[in-house]
Amino acid sequence: MADRRPLPPSGPAPVPDSSTLHARIRATVEQRRSAGHYPPGFEDRIDAHGRTMVAVRAGPGGGRPQFATAGRRARLRRLVARLPDRSAHDRSGPGPVRPLRILFVVQRYGEEVAGGAELCCRQFATRLADRGHRVEVATSRAQSALDWADVYPSGTTTLGGVTVHRFDGTGPRDNRAFEAKTVEVLWSGTLVPLVEQAEWRRLQGPALPDLVPWLTGRAAGFDVAVHFSYLYTPTWAGLPVTSGLVPTVLHATAHDEPAFWLPVFDDLFARPTGYVWFTEEERELLVRRGAPRRGSVIGIGTDLDSPGDGTRFRTRFDLGDRPYLLVVGRVEAGKGSEELVEFFEAYKERNPGPLALVLVGPAEDRRSHPDIIYTGFVDDRTRGDALAGALALAQPSFFESFSMVLTEAWAHRRPVVAQGRTDVLVGQVGRSGGGVWYSGFAEFEAAVDLLAASPETADALGRAGRRYVEQEYRWSTVLDRYEEVLRRTAGSRTSRGRR
């Protein structure tokens with residue numbers, strides 16, 4: 001183990017903002033490098049995964065830089081000009097104050113569906129129905145995005161006051177064919193022809209042959225159609241239909257990822273009447289991609305009254321009074337958990353002590369380590385207990401449009417240690433003052449040292465995060481913003497003489 005001095009505690013004085021803390025972390029790293037605390041080649045080796053994840057975000061064939069060219073931007077402007085005028089809603093007043101007829105279109109929907117975009121869609125749909133709007137959902141019968149197998153009953157049901165229309169799939173996805181096509185289209189380093197990109201998109205699924213005909217016949221009966229996630233069939237096949245019949249909103253839930261830059265999606269991003277972005281960073285990403293700057297940044301609501309009992313969690317998982325970092329979500333490479341586990345193992349080798357790492361969520365590959373605890377999938381109460389008892393939440397993901405688990409941690413007054421190679425996470429942490437971020441192992445180590453050496457600093461950051469979500473992400477506040485967007489968008493139908 002390298003002989004290093006820990007970061008000094010901050011003491012009871014006001015805690016610096018997150019940017020200042022990050023500068024302090026970087027200064028500590030430079031001091032440690034100068035003192036030879038990292039063996040030759042160590043950082044290159046341990047940071048290789050993160051560098052790879054950042055590199056692949058440019059897309060196949062360097063797709064991302066193409067969108068910075070004047071020619072590509074001009075082509076997209078011409079495309080927008082050919083589409084029906086969708087900007088009138090920006091100049092018109094709000095629609096009549098009456099319940100709206102809202103159609104959500106999403107790839108999966110159900111209480112057992114834990115995906116971020118799908119959970120967000122269900123939260124918005126259910127809460128709008130509670131406010132008296134007539135809300136319906138068009139979706140698949142699938143619970144899992146791994147194979148899209150039909151699980152839920154076919155036809156129309158009601159869930160939480162929302163009318164849900166489920167359409168049959170054509171069968172479980174052929175994952176062998178899809179994975180082979182994914183390698184060819186996303187990971188080969190070559191931008192393949194559009195026909196091959198379209199085939200990859202089709203293979204991804206879910207294949208719902210009755211959805212587009214249903215939208216063709218029914219979408220015009222709603223005030224507004226809302227699509228979730230650009231990546232899946234209900235949006236890339238359905239939005240071109242709904243956008244010609246009814247004002248449309250797109251929650252792209254866009255990440256800076258290889259698929260996002262594929263030209264096969266070029267036409268899609270120009271079609272919505274307006275966008276709902278979850279963060280400023282998501283908006284700027286889509287604008288860079290050529291999407292119009294029409295819409296609003298509204299965030300996602302957070303339950304501020306969710307209870308959490310850290311002692312109960314510690315007792316259940318035999319943690320005693322040990323401090324622990326917490327990761328919530330799927331344990332997989334894209335979510336950054338693979339890198340984080342490697343970072344933690346290296347940290348413990350260099351810093352023996354009581355610190356543990358707790359991973360809450362599905363995990364197929366589990367590394368055996370005496371200080372790493374896997375809980376598997378847990379219920380909401382246990383999740384809240386885990387957050388309440390943590391030294392800090394670690395959010396290592398490389399692909400985010402909005403991290404709901406950050407706001408959950410802040411609701412429980414806990415700080416976060418976030419992936420610094422993801423603009424969305426840095427933006428959320430920076431605006432909230434609720435944590436720190438890291439890029440690479442050395443900064444991760446210094447960030448953990450900072451919080452472990454000064455629980456007062458960790459607590460103060462958690463309180464700052466709580467103040468931030470109280471101000472910005474109460475569900476009542478977010479829903480007021482959302483209703484304004486939907487009414488304004490629905491009002492564009494009147495201004496275009498459609499009624």
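**Exercise 1. Work out what share of the contacts between residues at least 6 apart in sequence join residues at least 24 apart.**

Start with the term: a contact means heavy atoms within 4.5 Å. Next, take the contacts in the protein between residues at least 6 apart in sequence; 72% of them join residues at least 24 apart. Before going on, note that this is a predicted model, where local features need pLDDT of at least 70 and side-chain atom pairs count only at pLDDT 80 or more, while totals for chains, interfaces and linings use all residues. Residues are numbered from 1 along each chain as its sequence is written, and side-chain values use heavy atoms, with hydrogens and water left out.

**Exercise 2. Find how many helices and strands the protein has, and what percentage of its residues is buried.**

Step one: helices (H or I, at least four residues) and strands (E, at least two) are DSSP runs, numbered from the N terminus. That gives 20 helices and 14 strands.

Step two: buried means under 20% relative accessible area, exposed over 50%, and partly exposed in between (1.4 Å probe, protein chains only). Of the 499 residues, 57% are buried.

**Exercise 3. Describe the ring pair of phenylalanine 343 and phenylalanine 444.**

First, the rule: rings of Phe, Tyr and Trp (its six-membered ring) pair if their centres lie within 6.5 Å; planes under 30 degrees apart are stacked, over 60 edge-to-face, and the rest tilted. Counting this way, you get 25 aromatic pairs.

Now the geometry: the centres of phenylalanine 343 and phenylalanine 444 are 5.7 Å apart and the planes are at 45°, so we call the pair tilted. Then look at where they sit. Phenylalanine 343 is in helix α14 (residues 337-350) and phenylalanine 444 in helix α18 (residues 441-453), so the pair ties together parts 101 residues apart in sequence.

Finally, check the burial. Phenylalanine 343 is buried at 0% relative accessibility, and phenylalanine 444 is buried at 1%. Both rings also belong to one aromatic cluster with Phe42, Tyr347, Tyr438 and Phe441.

**Exercise 4. Decide whether cysteine 120 and cysteine 121 are bonded or too far apart for a bond.**

A disulfide is a pair of cysteine sulfur atoms within 2.5 Å. The closest cysteine sulfur to that of cysteine 120 is in cysteine 121, but it's 7.4 Å away, too far for a bond. As for burial, cysteine 120 is buried with a relative accessible area of 2%, and cysteine 121 is buried at 0%.

**Exercise 5. Locate the salt bridge of aspartate 371 and arginine 322, then that of glutamate 484 and arginine 488.**

Here's the idea: side chains of opposite charge can pair when their charged atoms come close. A salt bridge is a side-chain nitrogen of Lys or Arg within 4 Å of a carboxyl oxygen of Asp or Glu, and the whole structure has 30 of them.

Take aspartate 371 and arginine 322: their N to O distance is 2.6 Å. Aspartate 371 is in the loop between β10 (356-360) and β11 (372-376), and arginine 322 is in the loop between α13 (310-316) and β9 (324-328), 49 residues apart. Aspartate 371 is buried at 14% relative accessibility, whereas arginine 322 is partly exposed at 21%.

Now for glutamate 484 and arginine 488: the closest N and O atoms are 3.7 Å apart. Both residues lie in helix α20 (residues 475-495), four residues apart, or about one turn of the helix. Arginine 488 is buried at 18% relative accessibility.
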